[in-house]
Amino acid sequence: MKLTGTVHRFGNDVDTDAIIPARYLNTSDPEHLGRHCMEDADPSFASRVSKGDVIVAGKNFGCGSSREHAPIAIKACGVSCVIASSFARIFFRNSFNMGLPIFESDEASAEIREGDTVEVDASTGLIRDLTTGREYRARPIPAFMQELIEDGGLMEHIRKRGGI
Amino acid sequence: MGMTIAEKILAAHTDAGDLEPGAIVKVRVDVALANDITAPIAIREFQGAEAPLADPDMVVFVLDHFTPNKDIASANQCKMVRDFALAHGVGNFFDGGEAGVEHALLPEKGLVLPGDLIIGADSHTCTYGALGAFATGVGSTDLAAAMLTSHAWMKVPESMKFVFTGELNPWVGGKDLVLYLIGKIGVDGALYRVLEIGGPAISALGVSGRLTISNMAIEAGAKAGIIGADHKTVEYVKDRAQRPYTVYESDPDARYFSVTEFDCSNIEPQVAFPHLPENSRGISETGEVRIDQVIIGSCTNGRIEDLREAAQILKGRKVARGVRCIVMPATPAVYLQAENEGLVKTFLEAGAIMGPPTCGPCLGGHMGILAKGEKAVATTNRNFVGRMGDTGSEVYLAGPYVAAASAVTGKISSPGEVVS
């Protein structure tokens, strides 16, 4: 699977309150959450983002709360994947459990610029910046988590295999 | 090769032979917790599977975040959880006058015990590490999976050991120690790892102060924040526990990612400045920060010991004009105890507002939201942009002594400035 889109850059330690503020957690409707995605980091983000776009951020993306509303909001607003130098651990597992592709690469996180077009091969972790021509390789995904993604998330995995 | 407490608890909950850090293992879960924000997603995922709860007694639902219902949408979320809990016989369902802030409530009720493996769809589930449990926050889907199978997947983490030595300075408690630690290692300093916290200063601390420390392990990115159980822990849990529990100790030759020692004689009361918990500094370095609001409560500092500290400062004094000081006992039992000890009277006479047990303002839900430009000192755990209200507001994190002293002076203050 190849994911291609325009890059929206964010900094270090983007917390889940910035991704989806708690004031919107009185619902878990993906469409509603998507309309407020990244609102407290960049109020214009949800109106500018196009289907397939890619978020590129610094370290510790998704820190803070365990709210699964965060990856739900990111998926719902059309973002195809997130590239960061590192992810907070609950956000990391939520993303795999929900089927939101995320990739860790220090170099990609440091070099890819706002507005670049990138192409990510989800199966190999190869990230290509089509604007600059540079290529990056994301850290390999453990076999078990590749299995989760192939099965379509944790619940589908359980349905398919009768357990975790 | 020796093992850490974390490794021993994981080993006791898995059939996997390989517990090398980095290995992914399937673990049996003792307690699976969710609240009114996270349970609705878990319930929808669970219902899609069309199967019964694997073990209704291990599921705990607490309606504590947007309760008492803050608006119609929140009321609908609570109703959905309530209906599900009744229909599926959820063993431990806390609602209305039985509900309190979950991470204060579960230890108090004896639902989380030493040696347990606990997952909760709330990041501050790590609080229970203070009782010698392996407790970690997960998302709603992980929770749905545990409701269905009693199991979860875990990556075996490395442990970082922190040893607190020496004696605590005046007005210093668990909150100050953990803010200091986070200030030293940063908000991702323990990412994917376990904090194992101990040393003479931790042994000297009561269970309440230890719960405060483990509560904020997640603010350093940690998977869990474990404090080995000792006689104080056993004293705390022995009359509360309804089932057997196991006390684990790390082996002397256990492997750690790092071992760090902090001398408490160098630690003064701490304040974490906006907008990250790692921005902590000593009270003597805070400068003049005028405030509009003080919150005393939450899963971090809403226990009776915290209210006693706040009352010690507020007794016979007045909240500064122009400051809203909101005191929220974290559970109904804490509220009743505060009433019986005369603390509620102290707070009301000081001009504080008594709020119900709820997470409310901590996450900018309700009952104490900040306007643009306003500043609050809070005994809560996060000070991210917009956490307590407008994105132009600011939250300063501190312990109950500093929060109460700041309420009296109207600016961030050392308790020593107020109490002679």
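Between chain B and chain A there are 20 residue pairs in polar contact, both residues at pLDDT 80 or more, where a polar contact is a pair of N or O atoms within 3.5 Å and, within protein, one must be able to donate a hydrogen and the other to accept it, residues adjacent in sequence counting only if both atoms are side-chain atoms. This is a predicted model, in which local features need pLDDT of at least 70 and side-chain atom pairs count only at pLDDT 80 or more, while totals for chains, interfaces and linings use all residues. Residues are numbered from 1 along each chain as its sequence is written, chains are lettered from A in the order in which they are written, and side-chain values use heavy atoms, with hydrogens and water left out.

**Chain B against chain A**

- The contact (heavy atoms within 4.5 Å) takes 51 residues from chain B and 40 residues from chain A.
- The two chains bury about 3,700 Å² between them, 59% of it on carbon and sulfur atoms, buried area being the accessible area (1.4 Å probe) that two parts lose on being put together, summed over both.
- On the side of chain B, the most area is lost to chain A by B:Thr141, B:Trp153 and B:Tyr192, which together account for 18% of what that side buries.
- The interface holds 3 salt bridges, each defined as a side-chain nitrogen of Lys or Arg within 4 Å of a carboxyl oxygen of Asp or Glu.
- B:Asp188 and A:Lys59 form a salt bridge, with their closest N and O atoms 3.4 Å apart.

**The two domains of chain B**

- Chain B is divided into domain 1 (5-262) and domain 2 (271-415), with bounds that come from an automatic or database domain assignment.
- The centres of these domains, taken over C-alpha atoms, are separated by 24 Å, and 32 residues of domain 1 and 39 residues of domain 2 take part in the contact.
- Domain 1 and domain 2 of chain B bury about 2,800 Å² between them, 63% of it on carbon and sulfur atoms.
- The count between these domains is 1 salt bridge.
- B:Glu219 and B:Arg382 meet through their side chains in a salt bridge, at 3.0 Å from N to O.

**Helix H14 of chain B**

- Helix H14 (residues 400-409) has 9 of its 10 residues buried, so it is largely enclosed by the rest of the structure; buried means under 20% relative accessible area (1.4 Å probe, protein chains only).
- Helices here are DSSP runs (H or I, at least four residues), numbered from the N terminus.
- Among the buried residues of H14(B) are B:Pro400, B:Tyr401 and B:Val408, and the helix is followed by B:Gly410, whose phi is positive, near 85°.

Methods:
Buried < 20%, exposed > 50% of the residue type's maximum accessible area, 1.4 Å probe, protein only. Helix = DSSP H or I, 4+ residues; strand = E, 2+ residues; numbered from the N terminus.
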